Amino acid sequence: MKEIKTVGIIGLGALGVLYAHLFTQGLGREHVMVLADAGRVRRYRSEGVYLNGQLCDFRYEDAAQVTEPVDLLLFSVKFGALHDAVETCRHLVGPDTTLISVLNGITSEEVLSQAFGSEKVVWCVAQKMSAVKVGNQATISPFGDLALGVPAGADPTRLHALTALLDRIHMDYELPEDIRRHMWSKLMVNTGCNQTAMVFECGYGGLRQPEAKRIMVGAMREVMAVANAQGISLTEEDLQGWVHVMEEFPADGEPSMRQDGKAHRKSEVELFSGTIRRLGAIHHIPTPVNDWLYRKIQQMEAAY
């Protein structure tokens, strides 16, 4: 496996801005491309993109005009745009390209594996950051880190190449013992905090209030029950660990679905309560809190 020297990033939401910044800072602008269609590239170049008030010096490229595969391709689009992003970047994936996704949920790795081959995909969770993007302004603190891994029995060659790159540029990451369990753990916290913040129209500070916290934790416990039925051993200790992490976030910080609600965008509810309700039905596990959140979010989105 050759050394990773070039990076492409598709999707310039808050996490796309964060990782474009970190990779550009570590590798240099000439080695990192923010990929988009021609219209978005023109807009990025004319309006600029800002991280914590500072103008980002990114290299914006029309993906259709790039001819050489990249060594690392990072997907940071919303799930609803993932299939289009795959087609936009299909010609940029070569035999040695490594793929990672910082999307929420537990399904984007499956989509990328079906499109490009599971051997190219390193499983990834973006975690422990508070990130907000309004227009062309991203505010992120703390930056958090990446949890990385491959399923048990899979070839770790690309994982090792990726961690060698991150070591070289001093980017924070961790290597959970069981990446599948870790991804379910992140799904648990997202299902609770993202959906509750959207329904209660609040940030992390509001999630500390008794009623919102009750709903958030209730939704998380339903994820834990479904995960256990799927053979994933999430525990109350895992749940309380995430609650503690969120209590350290800025009170005025907002999960991504709260930002979707404020902007009247379609949310990722299907990735969260949608997934848990479907799997709960398969395992005959009641999911009343997620059922309630799902209905409330559907009602909110229908009114946009």
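**Figure 1. Strands β1 and β2 of the predicted model run parallel and are joined by 4 bridges.** Strand β1 covers residues 7–10, and strand β2 covers residues 32–36. Strands are DSSP runs of E with at least two residues, helices are runs of H or I with at least four residues, and both are numbered from the N terminus. Two strands count as paired if DSSP finds at least two bridges between them. V7 has V32 of β2 as its bridge partner. Strands of a sheet pair through backbone hydrogen bonds, either parallel or antiparallel. This is a predicted model, in which local features need pLDDT of at least 70 and side-chain atom pairs count only at pLDDT 80 or more, whereas totals for chains, interfaces and linings use all residues. Residues are numbered from 1 along each chain as its sequence is written, and side-chain values use heavy atoms, with hydrogens and water left out.

**Figure 2. An open sheet of 5 strands has the order β5-β2-β1-β6-β7.** The pairing in this sheet is parallel. At the edges stand β5 (60–62) and β7 (93–101), each with a single partner strand, so one side of each is left without a neighbour in the sheet. From one strand to the next, the twist averages 30°; angles run from 0 to 180 degrees between N-to-C directions, and axes are lines fitted to C-alpha atoms, for helices over the stretch in contact.

**Figure 3. Helices α4 and α5 are shown with strands β6 and β7.** Helix α4 (residues 108–116) packs on the sheet and touches β6 (70–75) and β7, where contact means heavy atoms within 4.5 Å. The direction of α4 makes about 170° with that of β7. Helix α5 (residues 157–169) lies across β6 and β7 and runs at about 70° to β7.

**Figure 4. Helix α4 has buried residues, among them S108, E109 and V111.** L112, S113 and F116 of this helix are buried as well. Buried means under 20% relative accessible area, exposed over 50%, and partly exposed in between, with a 1.4 Å probe and protein chains only. The cover over the buried residues of α4 includes β6, α3 (82–89), β7, β8 (123–127) and α6 (179–200). After α4 comes G117, whose phi is positive, near 105°.

**Figure 5. L207 lies in the loop between α6 and α7 (210–229).** L207 counts as buried because its relative accessibility is 4%. Apart from its neighbours within four places in sequence, L207 is in contact with C193, T196, A197, C202, A212, K213, M216 and P255. L207 and P250 are 43 residues apart in sequence, and their C-alpha atoms are 11 Å apart in space.

Figure 6. C89 is buried, with a relative accessible area of 0%, and C193 counts as buried at 4% relative accessibility.
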